[in-house]
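This report describes selected features of one protein chain. Please have the sequence and the three-dimensional view at hand while reading.

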Amino acid sequence: MKLRALAEFAAGAGHEINNPIATIIGYVQQLLAAERDPDRRHALTTIGAQAYRIRDMIGDVMLFARPPTPRPQEIELAELVDEVSAKFADQARDSRIRLQVESGPKAPVYADPVQLRVVVGSLLRNSMEALASGGTIVIKAQPAEKAGRRWALITVQDDGPGLSEPDREHLFDPFYSGRQAGRGLGFGLSKCWRIVCMHGGRIEVESPPEGGTVITVLWPADRFAERTTDGDAESQLGMS
């Protein structure tokens, strides 16, 4: 029930807020085109970036509360992980992060390709935010079998500061902030959780004794996965 109310709020807020945000962005772009002073250009760029950030936050709320129905198809997971990881290569290098991709045997999955890219990208972004002083991220894609069914595993491991017990408990809650652990979570992991559940998968997180954080996604390799309903989602998030 609360997810539906959140969806209605997000839709209304999105309409009311995105219109003035679009106006701000439009004027910023016009002013930038004619501005030559470096300080004023920097100020205008900052205004534009913050306006885009507001727009993206509204979009995140809408995606979490009322995500589009997945359009799944057979995908080779390892290839998609390679593709998404390559887009983070420059950012990782600039942040002194070693991004290591390990792909074993082929790992086919049944997924909406756009939504699966969102999951992999959000997991990588979450780990990179934890490595403010540099470090290593290892992402793996491999096939698995459980309870007589075919699955695929996505594992993202970083050697950051790890997670406290409250962080682990609330990591996928949409309004929980884990910044004390060095992670500006926002809706990133909440979106992951929502998308994975809608595909009938599972997502788990742990901080091993040796440090760091490991997030594991168990993704169905066939089309017979059970989707999580809004009621189930509310119950698991403590929103019912």
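The sections below treat a sheet, a helix lying across it, a surface patch and a loop residue in a predicted model.

## The open sheet

Five strands form an open sheet with mixed pairing, in the order β2-β4-β5-β7-β6. The edge positions are taken by β2 (97-103) and β6 (202-206); each has a single partner strand, so one side of each is left without a neighbour in the sheet. From one strand to the next, the twist averages 15°.

Strand β2 runs parallel to β4 (residues 135-146), and seven bridges join the two. Ser103 stands opposite Ala141 of β4.

## A helix across the sheet

Helix α3, which spans residues 77-87, lies across β2, β4 and β5 (149-158). Relative to β2, helix α3 runs at about 165°.

## A nonpolar surface patch

Three residues, Ile17, Ile54 and Met57, make up a nonpolar patch on the surface. Together they have about 230 Å² of accessible area.

Of these residues, Ile17 belongs to helix α1 (residues 2-34). Its relative accessible area is 30%, and Ile17 is therefore classed as partly exposed, a class that lies between the limits of 20% and 50%.

## The loop residue Pro68

Pro68 is found in the loop that lies between α2 (38-65) and β1 (73-76). With a relative accessible area of 45%, Pro68 is partly exposed.

Pro68 and Met198 are 130 residues apart along the chain. A distance of 10.0 Å separates the C-alpha atoms of Pro68 and Met198 in the model.

Conventions
Residues numbered from 1 in each chain as written. Predicted model: local features only at pLDDT ≥ 70, side-chain atom pairs only at ≥ 80, totals over all residues. Heavy atoms only, no water. Helix = DSSP H or I, 4+ residues; strand = E, 2+ residues; numbered from the N terminus. Buried < 20%, exposed > 50% of the residue type's maximum accessible area, 1.4 Å probe, protein only. Patch = residues over 30% accessible without salt bridge, like charges linked within 9 Å, V, L, I, M, F, W, Y side chains within 5 Å. Areas by Shrake-Rupley, 256 points an atom, 1.4 Å probe, with all protein chains shown as cover. Salt bridge = Lys/Arg side-chain N within 4 Å of Asp/Glu carboxyl O. Pairing = 2+ DSSP bridges. Axes fitted to C-alpha atoms, helices over the stretch in contact; angles between N-to-C directions. Contact = heavy atoms within 4.5 Å.
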